Structures are given as structure tokens and as C-alpha cells.
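This report goes through one protein model part by part. Look at the sequence and the structure first, then read on.

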Amino acid sequence: MSMPQPAGDAPVAAPMIEAEGLSKFYGDFAATRDVTFAIRQGEVAAFLGPNGAGKSTTMKLLTGYLSPSSGVAKIAGYNTSTDRIEASKRLGYLPENGPLYPDMTPRTLLKFFGQARGMAASRLKNRMEDVIDQCRLETVIGKPIGKLSKGYRQRVGMAQVLLHEPDVLILDEPTAGLDPNQIREVRKLIRELGETKTVLLSTHILQEVEAMCNRVVFINEGRVVFDGLPAELGSDPAALDAKFHELTGAVESA
Ligand SMILES: Nc1ncnc2c1ncn2[C@@H]1O[C@H](COP(=O)(O)OP(=O)(O)OP(=O)(O)O)[C@@H](O)[C@H]1O
């Protein structure tokens with residue numbers, strides 16, 4: 001497996017997202033098996049793999065939402081099982097289907113999460129204004145989340161993720177179900193965020209890698225099968241597609 005190397009004598013940035021031998025068993029079935037990688041400060045990493053590969057499970061293990069059967073997950077150096085509060089202060093997590101509080105409005109949801117995180121009232125007010133602006137939620141701020149389009153729901157999710165100014169973002173399929181314009185907007189936002197934050201985003205869309213990422217971790221059947229630079233996966237869509245088939249062991253149909 002190839003590992004990304006720092007160029008020349010450049011100092012190695014601190015690891016911000018670490019999976020060390022993470023396995024999750026459901027009975028005899030391994031949803032993930034010995035998953036190990038480290039995403040360093042300044043990287044925007046694609047977590048790539050086919051449906052059912054173990055992306056969401058790994059992300060839940062990394063965020064402390066699920067306990068691993070074995071292995072350790074760390075965010076900004078903090079163990080997400082034993083130092084959960086310190087880890088969560090530095091982490092913004094967008095789960096697969098976004099925030100599921102359909103009766104709340106974006107305003108009440110942001111307030112709820114900010115208070116739950118113990119943010120001081122004045123800071124929360126300022127940060128709410130910032131994320132409402134950044135995620136362009138002004139027009140829907142008082143509408144029930146359940147009545148919003150998928151694109152707006154995803155933006156509410158991003159606003160909630162960014163509210164407490166975390167250094168690390170873990171985003172589970174942030175562009176799933178969006179139309180092409182919304183996808184372009186979310187990709188632009190993630191590229192901007194990637195200038196100051198460390199990001200791991202899951203996808204099974206190869207173009208996402210090119211559009212946003214400077215690092216790729218590829219998982220198949222619960223195991224990491226590639227960890228490297230996007231260019232190593234192939235320089236054009238056909239090469240990327242062929243590599244995806246190779247890594248997943250998919251058989252070409254006649
Ligand atoms: N609670 C559970 N009980 C049993 N099996 C589970 C459970 N959660 C996940 N799995 C299984 O673990 C495997 C990995 O699932 P996971 O959701 O992590 O995949 P994924 O890569 O995120 O897929 P997708 O791209 O479809 O979201 C799948 O086979 C899934 O059915």
C-alpha cells in the first residue's frame with residue numbers, strides 16, 4: 001500500500017484524524033477490519049469505497065458515535081472513547097442523513113446544539129450569525145427543517161457542523177442526493193473550509209476526489225486497500241474508473 005510522503009524536508013503536519021486498527025464486528029460479520037490511517041493537518045481526504053464498504057461505520061467509530069470492537073480512534077490527538085469531550089470540541093460531524101429534527105427550525109436547531117456544547121450566549125449568537133451567512137440559510141431560518149429541500153437540509157447540517165469552529169470535519173456523503181448546482185456549492189464550501197481545517201469526507205463518486213481532495217483513503221469490504229495521493233489513482237476519468245474496479249475486485253460485465 002502506498003503512503004503519502006511529505007515533499008523534501010518539509011515538516012510533517014500533526015495527525016488530526018487517526019484510525020489505529022479499528023474493527024467493528026456485528027456477530028461474526030466484520031463491518032470494518034483493522035482500519036488504520038492518519039489524516040494530517042491541512043489535508044482534505046476522500047474516504048472512497050463502494051456501497052457497504054464500511055465508510056459510515058468507520059466514521060462513526062472515529063467520531064465516538066460507535067465503540068470499536070478493537071482499535072483506537074483519535075481526533076486532534078484525543079482518544080474518542082476515553083477523551084470524548086476534548087475530542088468532540090475539535091470535531092464537526094455531518095452524519096449520513098444530516099440533522100434529523102424535522103420539527104425544529106434551523107434557528108432552534110443551531111441554538112440547541114450550541115447550548116448543548118456549552119457555548120456562551122454571546123459567542124453562540126455571533127457564531128449563529130456567521131454560519132447562517134456562510135451556509136446561506138437566511139431565507140429558511142424560521143421554517144421547519146422537515147419542510148426544507150434536501151439541499152437546504154444539508155446546508156443546515158453544515159451550519160451545525162461549523163458552529164463551534166472545529167478544526168476537524170468528518171462529513172458522511174456531504175453531496176449525496178443534491179442536484180448539480182447544490183453539489184457545486186457544497187464542493188466550493190468544502191474547498192474553502194479545507195484551507196483552514198482538516199477534512200475527511202466519504203463518497204462513492206470518483207469525481208469528488210478530483211473536485212475537492214488532496215488525499216484518498218479507499219476502503220473495500222471493511223479493509224483499507226489504498227492510501228495515497230489522488231494522482232496515484234489515475235489522471236483521467238477512465239483511469240480512475242478502472243482503478244475503482246481493480247480495488248473493489250469488481251468483475252467487468254461483458
Ligand atoms: N448495525 C449494524 N448491524 C449489522 N450490520 C451492519 C450494521 N451497520 C452496518 N452494517 C453492515 O456493515 C457494512 C458496512 O456498512 P457501512 O454503512 O459502514 O457502509 P458504507 O461504506 O457507509 O456504505 P454506503 O456507501 O452504502 O453508505 C454493511 O455490510 C452494512 O450492512
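Asp34 is partly exposed, because 15 other C-beta atoms lie within 10 Å. The cut-offs are as follows: a residue is buried if 20 or more other C-beta atoms lie within 10 Å of its own, exposed if 12 or fewer, and partly exposed in between, with C-beta atoms placed from the backbone. Asp34 is found in strand E2 (residues 29-40). Helices (H or I, at least four residues) and strands (E, at least two) are DSSP runs, numbered from the N terminus. Asp34 is not a glycine, yet it has a positive phi of about 55°. Most residues other than glycine have a negative phi.

This is a predicted model: local features need pLDDT of at least 70, side-chain atom pairs count only at pLDDT 80 or more, and totals for chains, interfaces and linings use all residues. Residues are numbered from 1 along each chain as its sequence is written.

## Gly21, across from Asp34

Gly21 belongs to strand E1 (residues 15-26). In sequence, Gly21 and Asp34 are 13 residues apart, while their C-alpha atoms are 4.0 Å apart in space. Gly21 counts as exposed because it has 12 C-beta neighbours inside 10 Å.

Which residues is Gly21 in contact with, leaving aside its neighbours within four places in sequence? They are Asp34, Thr36, Ser70 and Gly71. Here, contact means that the C-beta atoms of two residues, placed from the backbone, lie within 7 Å.

## Other positive phi values

Glu221 is a residue other than glycine with a positive phi, near 45°. Glu221 sits in the loop between strand E9 (215-220) and strand E10 (223-228), and counts as partly exposed because it has 16 C-beta neighbours inside 10 Å.

Helix H4 (residues 121-134) has 14 residues. From its first C-alpha to its last, H4 reaches 20 Å, close to the 20 Å expected at 1.5 Å a residue. The expected span of a helix is 1.5 Å times one less than its number of residues. Helix H5 (residues 150-162) has 13 residues and should span 18 Å; its end C-alpha atoms are 18 Å apart, so the two values agree.

How many of the 13 residues of H5 are buried? Eleven of them are, and H5 is mostly covered. Among these buried residues are Tyr152, Val156, Met158 and Leu162. The buried residues of H5 pack against strand E6 (91-94), helix H3 (106-116), H4, strand E7 (168-172) and H6.

## Two domains

The domain assignment gives domain 1 (15-90 + 167-245) and domain 2 (101-165); such bounds come from an automatic or database domain assignment. Eight residues from domain 1 and five residues from domain 2 make the contact. On the side of domain 1 that touches domain 2, the largest share, three residues, comes from helix H6 (residues 180-193). The residues of that side divide into five nonpolar, two polar and one charged. Ala, Val, Leu, Ile, Met, Phe, Trp, Tyr, Cys and Pro count as nonpolar, Asp, Glu, Lys and Arg as charged, and the others, Gly among them, as polar. The C-alpha centres of domain 1 and domain 2 lie 24 Å apart.

## Around the ligand

The residues that surround the ligand include Tyr26, Asn51, Lys55, Thr57 and His204; a residue is near a molecule if its C-beta atom, placed from the backbone, lies within 6 Å of it. Helix H1 (residues 55-63) gives the largest share of this shell, three residues. By class, the shell has three nonpolar, seven polar and one charged residues.

## Confidence

The protein averages a pLDDT of 89, and 92% of the residues score at least 70. pLDDT is the predictor's confidence in each residue, from 0 to 100.
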